[in-house]
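Hi,

Here is the structure I promised to pass on.

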Amino acid sequence: SIASERYRTAYHFQPPKNWINDPNGPMYYNGIYHSFYQYNPHGSLWGDIVWGHAVSTDLVNWIILEPAIERDTPADINGCWTGSATILPGGQPIVIYTGGDAENHQVQNIMLPKNRSDPYLREWTKVGNNPVLQLVGPGFNSSQFRDPTTGWIGPDGLWRIAIGAEVNGYGAALLYKSEDFLNWTRVDHPLYSSNASAMWECPDFFAVLPGNNGGLDLSAAIPEGAKHVLKVSLDQCDKYMIGVYDLKRDAFSPDTVLDDRRLWLKIDYGNYYASKSFFDSKNSRRVIWGWTNESDSSSDDVAKGWAGIYAIPRAIWLDSDAKQLLQWPVDEIESLRGNEINHQGLELNKGDLFEIKGIDSTQADVEIDFELTSIDDADPFEPSWLLDAEKHCREADASIRGGIGPFGLVILASDNMEEHTVVHFRVYKSQQKYMILMCSDLRRSSLRPELYTPAYGGFFEFDLEKERKISLRTLIDRSAVESFGGGGRLYIIARVYPVALVDERTHMYAFNNGSTTVKVPQLKAWSMMTAQVNVKKG
Ligand code: FRU
């Protein structure tokens with residue numbers, strides 16, 4: 001149908017049809033990026049999961065191949081679930097993934113490329129001794145044991161992986177060791193666990209150097225001063241902790257232990273789950289992929305014939321104060337920038353709305369710098385807001401005038417504004433510092449019924465004494481809206497389905513509804529071309 005095509009993304013990864021969820025085993029190998037994905041070959045709802053497979057040379061244009069593995073052995077007959085790739089010394093790629101076995105237990109399996117000289121690694125072979133890992137014992141639950149990480153080597157030269165589990169009802173990343181990546185034994189303590197939550201899905205574990213955006217390869221020597229990050233998926237979002245990997249205890253230990261998981265930092269504050277990162281040896285960076293589900297009803301997904309996209313792959317690194325991760329869309333995405341518009345020296349006074357014209361407002365990349373003319377009128381910050389930023393975004397929405405802000409972008413707006421999505425900032429003064437609220441408010445994004453239209457949001461610290469400019473970059477891609485605030489300090493991806501998009505009539509505005517005037521020294525925007533993401537070849 002027309003709606004199905006209008007809402008299909010033009011440059012966010014999705015296969016030609018059917019359901020996808022978690023990204024699996026991302027890797028860069030012999031000049032090619034591989035993206036595997038949880039895929040239902042039979043329809044647009046979750047089920048019958050196999051590993052879809054796509055390859056790329058630039059992380060933007062993709063060739064969709066046949067699935068890499070299907071459910072055809074007793075160890076994965078009920079699903080080939082999430083897993084990771086590791087490149088062993090000598091260049092041998094190896095994948096460990098979760099299988100749903102004949103008794104519906106979750107077990108771990110290994111597969112290898114059949115022919116390493118095939119540049120696309122099209123065919124994969126499962127090893128004979130699958131499953132290589134099962135979970136039995138008191139306190140364990142064999143139906144909560146999944147999603148192995150990429151491997152890393154410890155000081156004893158042995159491989160390690162972590163696996164998501166629930167132990168005595170609590171979330172854990174179980175730790176395993178192996179000499180050959182095939183025979184594994186469980187270490188008697190987890191890599192990390194916490195009684196602040198239940199089951200952890202899709203753990204991701206990686207090393208980062210504060211203030212250094214050149215990524216680190218986990219299976220190489222980790223330099224002095226490096227920190228480790230443990231990401232886990234729960235509560236419909238991806239949360240992470242920064243800490244150290246204590247070699248003596250062979251365990252992760254967070255710099256700050258937060259007993260209330262609502263305070264854990266998020267990889268993305270919107271619709272984003274099951275992310276997985278990999279070291280990109282081509283560009284010496286860590287890249288993270290995450291899944292963004294639809295926000296419409298299952299019957300809409302069935303009617304569209306597809307469901308699920310991936311956020312733009314992002315470079316991810318640690319801020320110089322080691323307090324939070326920064327992220328930025330990979331530079332390669334800029335190759336899709338077409339027609340450009342450029343404004344300088346705009347001034348947005350209280351109540352101003354400035355229409356951004358001359359580009360395709362349904363497929364765009366927008367970069368704006370908002371410069372505060374004064375920081376005197378910032379409203380006071382209330383720490384309890386950190387527990388529920390979404391509530392704050394609903395209560396202090398774009399229509400509520402503040403001292404500084406709301407200011408930001410109105411996008412995918414219909415002629416009469418009956419439909420519109422707002423991405424905006426508010427500035428608050430805390431004890432010593434400034435806290436910035438960023439929201440992506442979908443509540444009026446569409447007139448269609450049965451959509452999930454929250455106001456997503458999060459807070460970040462920003463040194464306004466030093467820097468008066470707060471930047472916003474928003475990637476608009478039909479039903480996907482992906483925003484990066486404060487130079488990559490806060491990120492929100494969301495899905496919207498405006499009726500106006502079906503008629504290809506949408507508008508975009510910069511606005512300020514705060515009392516303090518905000519300057520826009522620079523506003524650049526580009527129409528975005530369609531990537532080759534939907535093309536089936538080879
Ligand atoms: C996360 C998840 C994983 C599991 C996979 C199954 O979205 O539930 O824990 O391996 O999806 O498709």
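A word on the ground rules. The model is predicted, so to speak of local features I need a pLDDT of at least 70, and side-chain atom pairs count only at pLDDT 80 or more, while totals for chains, interfaces and linings use all residues. Residues are numbered from 1 along each chain as its sequence is written, and side-chain values use heavy atoms, with hydrogens and water left out.

**The whole protein**

The protein has four helices and 38 strands; these are DSSP runs (H or I of at least four residues for helices, E of at least two for strands), numbered from the N terminus. Along the principal axes, the C-alpha atoms fill a box of roughly 65 × 55 × 40 Å.

Of the 538 residues, 61% are buried. Buried means under 20% relative accessible area, exposed means over 50%, and partly exposed is in between (1.4 Å probe, protein chains only). The accessible surface comes to about 20000 Å², and carbon and sulfur atoms own 47% of that; such areas come from the Shrake-Rupley method with a 1.4 Å probe, and for residues only the protein chains shown count as cover. Among contacts (heavy atoms within 4.5 Å) with a separation of 6 or more, 65% are between residues 24 or more positions apart.

**Around the ligand**

Which residues are around the ligand? They are Asn-21, Asp-22, Gln-38, Trp-46, Trp-81, Thr-82, Arg-146, Asp-147, Glu-201, Tyr-273 and Trp-291, where a residue is near a molecule if one of its heavy atoms lies within 4 Å of it. By class, that shell has four nonpolar, three polar and four charged residues. Here Ala, Val, Leu, Ile, Met, Phe, Trp, Tyr, Cys and Pro count as nonpolar, Asp, Glu, Lys and Arg as charged, and the others, Gly among them, as polar. Two strands, β1 (18-29) and β5 (80-88), each supply at least two residues of the shell.

One is 2.7 Å from an N or O atom in the side chain of Asp-22, and for the side chain of Asn-21 the distance is 3.0 Å. Taken alone the ligand exposes 310 Å², and the protein buries 91% of that.

Most residues other than glycine have a negative phi, and most peptide bonds are trans. Where are the cis peptide bonds that I noted? One joins Asn-130 and Pro-131, with omega about -5 degrees, and Pro-131 is in the loop between β8 (124-126) and β9 (145-146). Another joins Gly-405 and Pro-406, with omega about 10 degrees; Pro-406 is in the loop between α3 (389-395) and β30 (407-413).

Phe-181 is not a glycine, yet has a positive phi of about 70 degrees. Phe-181 lies in the loop between β12 (170-178) and β13 (184-186) and counts as buried, at 0% relative accessibility. Arg-478 also has a positive phi, about 60 degrees, and is in the loop between β34 (469-477) and β35 (480-485). At 8% relative accessibility, Arg-478 is buried.

Phe-459 is in strand β33 (residues 455-462) and is buried, at 11%. Leaving out residues up to four places away in sequence, Phe-459 touches several others, including Phe-381, Trp-385, Tyr-428 and Met-435. Its C-alpha atom is 6.4 Å from that of Met-435, 24 residues apart along the chain.

Asn-141, in the loop between β8 and β9, is partly exposed at 28% relative accessibility. Its side chain makes a polar contact of 2.8 Å with that of Ser-143; the term means a pair of N or O atoms within 3.5 Å, and within protein one must be able to donate a hydrogen and the other to accept it, with residues adjacent in sequence counting only if both atoms are side-chain atoms.

Cheers
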